[in-house]
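Please work through each task on the structure before reading its solution.

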Amino acid sequence: MGYTITEKIMARAAGLPSVKAGDEVLAKPDYVIAYDFPGYTDVYFKSMKEDFGIERVAEPDRFAIFIDHMVPATSPKEEELHIITRTWCAENNVPLFERKGIGHQVAAEVGYAVPGAFVVHFDGHISQLGTFGTLAMGIRRNILEAFVRERISIRVPHTVRVDLEGELQPGVMARDVFHHLVRVLGPSSCRFQVLELGGPGLSQLSTEGLQTVTGLAMFTGAITAIVNPDETRLAYALPRARKALDPVWSDPDADYAARHTIDLSAIEPVIVIPPTPANTRDLKDYLGLEVQVGYLGSCASGRLEDLRVAAKILAGRQVAPGFQLNVIPTSQEIMAAAANEGLIGTLVAAGAFVSSPSCDYCFGRIATMTQKQRAVSTGTLNVRGRMGSTDSEIYLCSAASVAAAAIEGAIADPRKYW
């Protein structure tokens, strides 16, 4: 019996010739990544020194910290947190990335999406590095172990394989694909397992689209998602990679906990209704529902592909009176590329408010809603209070659907503007 890509990466990280799902191993992460956030990194830094006596990390290049929340700071307390982070990184000679955009995306841009690497973070959305054949896990409860020890104790996870087949219909995006997957498989279908994506239909998704799908993997219960990298993904990742590793791929006879097939041609635009990301519905059943706010951004969306689609739909049109459309590119690199293509100008001319990359719109720090308001969003969550009042509502959908809703001031089918 062969091995999955996950088993191969875990074996190398554990320094073993081979491992199988279920094995308990001591694995050395190639990279330990985090963003500064109160109650997390500030606590880690303090605990390292006071509880473990660690004044300096032994291998600073194995660590990376991002400042992508509370940017810019709106209070002295927020800036104090950033100062703590800057000081720790400077003292430890650890790479710090500030105001470059949302860290999960920037991590790929600056070379941490190394094919074949094992990466840990306390935030599960780091799973989007799996697009490039990187095993990137959110291990919130025991991430401190990765800060204070070279190796972490971990059980090799089982893998659920999902094969995509067929062709996408016009107007259907990666967000629709992911939320359809949750609807078909269920929100606990991959619980504590790795979601591995494959099949001939994989070619229907761009690299950015795959980052969307892999980045949202936690909503299937998965601890991460991964793709066996093809030439396109390797062409992006290898020139940026911070270390040289041999990419690996699952064996044809690898053992999976479960296998599923998704027919892409059967997918139509979907919408996820509040209050949980498991409530996938057909968008056509909610056409005409009035909405007041639109958010296009987050680590799951807001990439160049999303901005291009939104600009295509909004070109020559106007955002509905009273509708607030907030467009937040995922990174500075993406924002610059969008500006060079003229996408920013098109969006602004249509009435969108375009702001610099940060996580703040997604986790509810700014652009909040009051009671009885509704939003269409490409954010990661639609739980009550995520964008303001607990009496407001968030409907998750694709960038195309957000743009269509912005024109009509109500949930609309993007295919009429495609």
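**Exercise 1.** Determine whether L81 is buried or exposed, and identify what surrounds this residue.

Solution. In this predicted model, local features need pLDDT of at least 70, side-chain atom pairs count only at pLDDT 80 or more, and totals for chains, interfaces and linings use all residues. Residues are numbered from 1 along each chain as its sequence is written, and side-chain values use heavy atoms, with hydrogens and water left out.

Step 1: L81 has a relative accessible area of 6% and is therefore buried (buried means under 20%, exposed over 50%, partly exposed in between, with a 1.4 Å probe and protein chains only).
Step 2: the residue belongs to helix α3, residues 76–92 (helices are DSSP runs of H or I with at least four residues, strands runs of E with at least two, numbered from the N terminus).
Step 3: beyond its neighbours within four places in sequence, L81 contacts D36, F37, P38, D42 and M70 (contact means heavy atoms within 4.5 Å).
Step 4: for D391, 310 residues away in sequence, the C-alpha to C-alpha separation from L81 is 31 Å.

**Exercise 2.** Find the polar contact made by the side chain of T214, and describe the setting of this residue.

Solution. Step 1: T214 sits in helix α7, residues 207–215.
Step 1: its relative accessible area is 0%, so T214 is buried.
Step 2: the side chain of T214 makes a polar contact with that of T131, at 2.9 Å (a pair of N or O atoms within 3.5 Å; within protein, one must be able to donate a hydrogen and the other to accept it, and residues adjacent in sequence count only if both atoms are side-chain atoms).
Step 3: not counting residues up to four places away in sequence, T214 touches S127, Q128, G130, T131, L197, A225 and V227.

**Exercise 3.** Describe how helices α9 and α10 pack.

Solution. Step 1: α9 (residues 304–314) and α10 (residues 332–341) pack at about 35 degrees, with axes 10 Å apart (axes are lines fitted to C-alpha atoms, for helices over the stretch in contact, and angles run from 0 to 180 degrees between N-to-C directions).
Step 1: L304, L307 and R308 of α9 meet I334, A337, A338 and E341 of α10.
Step 2: by class, this contact has five nonpolar, no polar and two charged residues (Ala, Val, Leu, Ile, Met, Phe, Trp, Tyr, Cys and Pro count as nonpolar, Asp, Glu, Lys and Arg as charged, and the others, Gly among them, as polar).

**Exercise 4.** State how many residues of helix α12 are buried, and what covers them.

Solution. Step 1: nine of the ten residues of α12 (residues 399–408) are buried, including A399, V402 and I407.
Step 1: the cover includes β14 (293–296), α9, β15 (324–327) and β17.
Step 2: G409 follows α12 and has a positive phi, near 70 degrees.
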